[in-house]
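Let's take a friendly walk through a protein chain. Have the sequence and the 3D view ready as you read.

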Amino acid sequence: AFTGAIAQRIGRFELAHKGTILLDEIGDTPLEIQPKLLRALQERQFERLGSSRTIKVDTRVIASTNRNLREQVQRREFRDDLFYRLNVFPITVPPLRERRSDIPLLVRYLINKHSQRLRKRINAIPAATMDRLVRCDWPGNVRELENAVERAVILSRDGTLSFGELQMQESQIVHLQDAEREIVLQALIDCRGVIGGPKGAAVKLGLKRTTLNSRMRKLGISRETIQFAAQL
């Protein structure tokens, strides 16, 4: 709505009637908007701006975010009633570092996507290159991987995929892993090697026990490592 408006524009919820609406990055929704969104979700109805007529809609709602909404609720950055209304059927997509077997499939898909768009033929992916891609942690997940693949397609010559700048990324990841190892190891020392339970390192780090066990294996932290480090 604005001065001089002469045409009606249908909103997203009305357009999604009998269909699906995606509320992307729901964690970034301003607090002042959240009560209005909650009412639309709860009552399945809304009023157009400047109108007094209530419109009912039948819409499947999917909300996505990369934020921890529970923590936002505790910090009063996200309404708890809206969180519980949205959290009916949660689906957690693990980061790429926890599903490395998906990386080769994603790389091949992204190569095909960008090579067609850029009109470049990529015939080969060296095994060493794929191995480096799988070993990267990709903190930016699929978006970061796609960015790297697109850049590689642009730089590649003779139909062979080349990641000229990947070594720098791997070096940065090594530093991050060293820092992560120190944090995890110190938490385990503080908790006297206890992983699970209310006084365990998993709770201290804000992780699930299974996730912490997985990180310990990847970082090369064993009970012997904890005992040795505790004596230093």
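Predicted model: local features only at pLDDT ≥ 70, side-chain atom pairs only at ≥ 80, totals over all residues.

Residues are numbered from 1 along each chain as its sequence is written, and side-chain values use heavy atoms, with hydrogens and water left out.

## The overall build

The chain has eleven helices and four strands. Here, helices (H or I, at least four residues) and strands (E, at least two) are DSSP runs, numbered from the N terminus.

How much of the chain is buried? Of its 232 residues, 31% are buried. Buried means under 20% relative accessible area, exposed means over 50%, and partly exposed lies in between (1.4 Å probe, protein chains only). The chain exposes about 16,100 Å², and carbon and sulfur atoms supply 51% of that area. Accessible areas come from the Shrake-Rupley method with a 1.4 Å probe, and for residues only the protein chains shown count as cover.

Contacts (heavy atoms within 4.5 Å) also tell us about the fold. Among contacts in the chain with a separation of 6 or more, 67% are between residues 24 or more positions apart.

## Salt bridges

How many salt bridges does the structure hold? There are ten, where a salt bridge is a side-chain nitrogen of Lys or Arg within 4 Å of a carboxyl oxygen of Asp or Glu. One of them pairs Arg-67 with Asp-28, at 2.5 Å from N to O. Arg-67 sits in the loop between β4 (60-63) and α3 (69-74), and Asp-28 in the loop between β1 (20-23) and α2 (34-43), so this pair ties together parts that are 39 residues apart in sequence. Arg-67 is partly exposed at 41% relative accessibility, and Asp-28 is partly exposed at 42%.

Another salt bridge joins Lys-113 and Glu-146, with their closest N and O atoms 2.7 Å apart. Lys-113 belongs to helix α5 (residues 103-118) and Glu-146 to helix α7 (residues 141-155), so the pair links parts that are 33 residues apart in sequence. Lys-113 counts as partly exposed, at 38% relative accessibility. Elsewhere, salt bridges that share partners connect Glu-71, Arg-75 and Glu-77 in one network. Within it, the side chains of Glu-71 and Arg-75 meet at 3.8 Å, N to O. Glu-71 is partly exposed at 41% relative accessibility, and Arg-75 is partly exposed at 45%.

## Two arginines with positive phi

Most residues other than glycine have a negative phi. Arg-119, however, has a positive phi near 55°. Where is Arg-119 found? It lies in the loop between α5 and α6 (127-135), and it is exposed, with 79% relative accessibility.

Arg-192 also has a positive phi, near 55°. Arg-192 is in the loop between α8 (166-190) and α9 (201-205), and its relative accessible area of 79% makes it exposed.

## Cysteines

A disulfide is a covalent bond between the sulfur atoms of two cysteines. In this report, a disulfide is a pair of cysteine sulfur atoms within 2.5 Å. By this rule, the count is zero.

Are Cys-136 and Cys-191 buried or exposed? Cys-136 is buried, with a relative accessible area of 2%. Cys-191 also counts as buried, at 13% relative accessibility.
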